[in-house]
Amino acid sequence: MSLAAASVLDERQVIFCTRILNTFADAFSRLKTGFNWKQDMAKKRITVVDGPDRGMTFSLEDGQTLIVGKGQPHEAGLSDEYTVSEHCKLSMTDGHVIIRDLGSTTGTSVNGNRITESELTNNDEFSLGITRLRIEDYVSSGYTIGLDRSALEAHLQARQSGNEPAPATSAASETLPPTAPPERLANVPYQLVVIKGPDQGKTFAVQEGQDIVIGRGKDATLQVTDPRTSRQHCLIEVRSGQIQVLDAGGSGGTHVNSRSVSRHNLSPGDRIGIGDSEIRLETADGTGPADPASPAADSAAKPTAAGKDYFDLVGQKVHNYQVEREIARGNSGVIFKCRDTEKNRDIALKVLWPELSTDSEAVQRFVRAMKTMFPVRHENLVRIYNAGRSEKYVWVALEYVEGESLDRVIQRIGTVGMLDWEYSFRVAVQISRALVAAYEHNIIHRNITPESILIRSSDKTAKLGDMMLAKALESSQSEQLTKPGQVIGDMAYAPPERTDSGGEIDCRSDIYSLGATVYSLIAGRSPFESTSLPELISSIRTEKPVAPKEFQLSIHGMFEGAVLRMLEKRPKDRFETPIELLKDLERIGKFVGIDC
């Protein structure tokens, strides 16, 4: 190559590189002017990445101090029962964030190391109780997401003063396609209905001129209990027959019909997604476009002629029970919190799937089985008050337990190894006592799983529910109530003899299932796992479970031995009765100094 040619080539390379650098500089300059860089960088976003409030987010600004702990009245308030009200303190000065433990019993850790005081940097994680949080710049990839709390308050104040604010947007929202021109909705009353999440069934009337703040904060207009929503998650504006939703900086964003939005014009049937909840806009009479993607359209929940969910019972009365809200949907039916108008007490009402109500023989068998449990009372058993059929609904009235099921506990903390084996031991002892009470009445549970055990929030008492339910539902009709995925889920806790149609079921079968449930609390997973039912059954019959010590090194050998004995393949190799099991566990508790 000649010297002249090389010189031309070098000049072209310089020009090319210069253009590239200028392009980046120009893009950076335009990006920087899109928001107040200095102001936003002096603000941190803290997100709960694990624990009861997972998904919750709050901010920390320069010069601000926050006390983090259980029940705090501000954004840093947690629901974690293993924290104290003043657990740790966060303070930010000149961009430096300091965390200080406030003498809590369980302590505060940063990146796995227990601290008294430490400086936090971006992406550091700190833990208190069973809650893990992460700190990062409030700006992520150069964009502030949605409206923050101060922007939302300013927006609402402008509304109240009569000064209509300009549509609130963020840098992120500017990249979205513009919302279609709003259409004036029909002049009929509308309502917001929670169709998914902890508040399922809750409704809220929508009125002209209204601003509806949705979130879990006490100042929210429509307050939800979903821990994965922010205290002020989104805003609904109702103006001139138009209804719009605005994201208010809620953790995880705001979605309409599964699409992330900053501002969106709503139509009847639209679903607003926040956290783990979905809220649908409907006309007040419940009519409107069908919503095949909602839980109400699940094949198991048969619609009535009016197009409503079979279980649309909130506000209605079943027998003596005024239905207040839906609690959960399980394998056998839907559970509601109700008020017993005769006994003046709260109860849990389980309404079975509609297939059962068409079989009169199955209904009679169910009611007889439930009545068998009426005289059985024990602190560790969920008491059965009544059972029957009212019009088309087959139901059982149960003791109301304020708390959560063990499957939620396992999902939340078992998989990350944060459960101490002593917690599992206490559950094993308490449910063994429940099995002794059932054994003394010649009653076998038949289907103990984490879903059937509740932990009461007030004192962490374990209570076994669904007694006699498996026996009551033994019929060709009721077998159709369980979906394939649910079969696999339950089968993971089934003893080998239950996988054989000719296998004999007795109290030792319950001992195995309890052992499998306790194993899950220790390991964060069931003893055997598979997405294939035949493979799962084969493992249950032939394979040995991994030793619990592989998951928790600190577990006491005597307790590990008891769990493995509960999981023996042959019933004769397990504990003979719940009485023998309880005696052995109590002996272990006395030896290691655990009071149950």
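Me: In which handedness of crossing does H12 pass H13?
Reply: This is a predicted model, in which local features need pLDDT of at least 70, side-chain atom pairs count only at pLDDT 80 or more, and totals for chains, interfaces and linings use all residues. Residues are numbered from 1 along each chain as its sequence is written, and side-chain values use heavy atoms, leaving out hydrogens and water. Helices are DSSP runs of H or I with at least four residues, and strands are runs of E with at least two, numbered from the N terminus. The crossing in which H12 passes H13 is left-handed (the near helix is turned anticlockwise from the far one by less than a right angle).

Me: Which residues of H12 and H13 make the contact?
Reply: Contact means heavy atoms within 4.5 Å. H12 contributes Met558, Phe559, Ala562, Arg565 and Met566. From H13 come Glu580, Leu581, Asp584, Leu585, Arg587, Ile588 and Phe591.

Me: How many residues of H10 are buried?
Reply: Buried means under 20% relative accessible area, with a 1.4 Å probe and protein chains only. H10 is largely enclosed by the rest of the structure, because the buried residues number 17 of the 17.

Me: Is glutamate 326 buried or exposed?
Reply: Glutamate 326 lies in strand S24 (residues 321-329). Not counting residues up to four places away in sequence, glutamate 326 touches Pro198, Gln200, Val314, Val334, Ile335 and Phe336. Its relative accessibility is 5%, so glutamate 326 counts as buried.

Note on methods
Buried means under 20% relative accessible area, exposed over 50%, partly exposed in between (1.4 Å probe, protein chains only).
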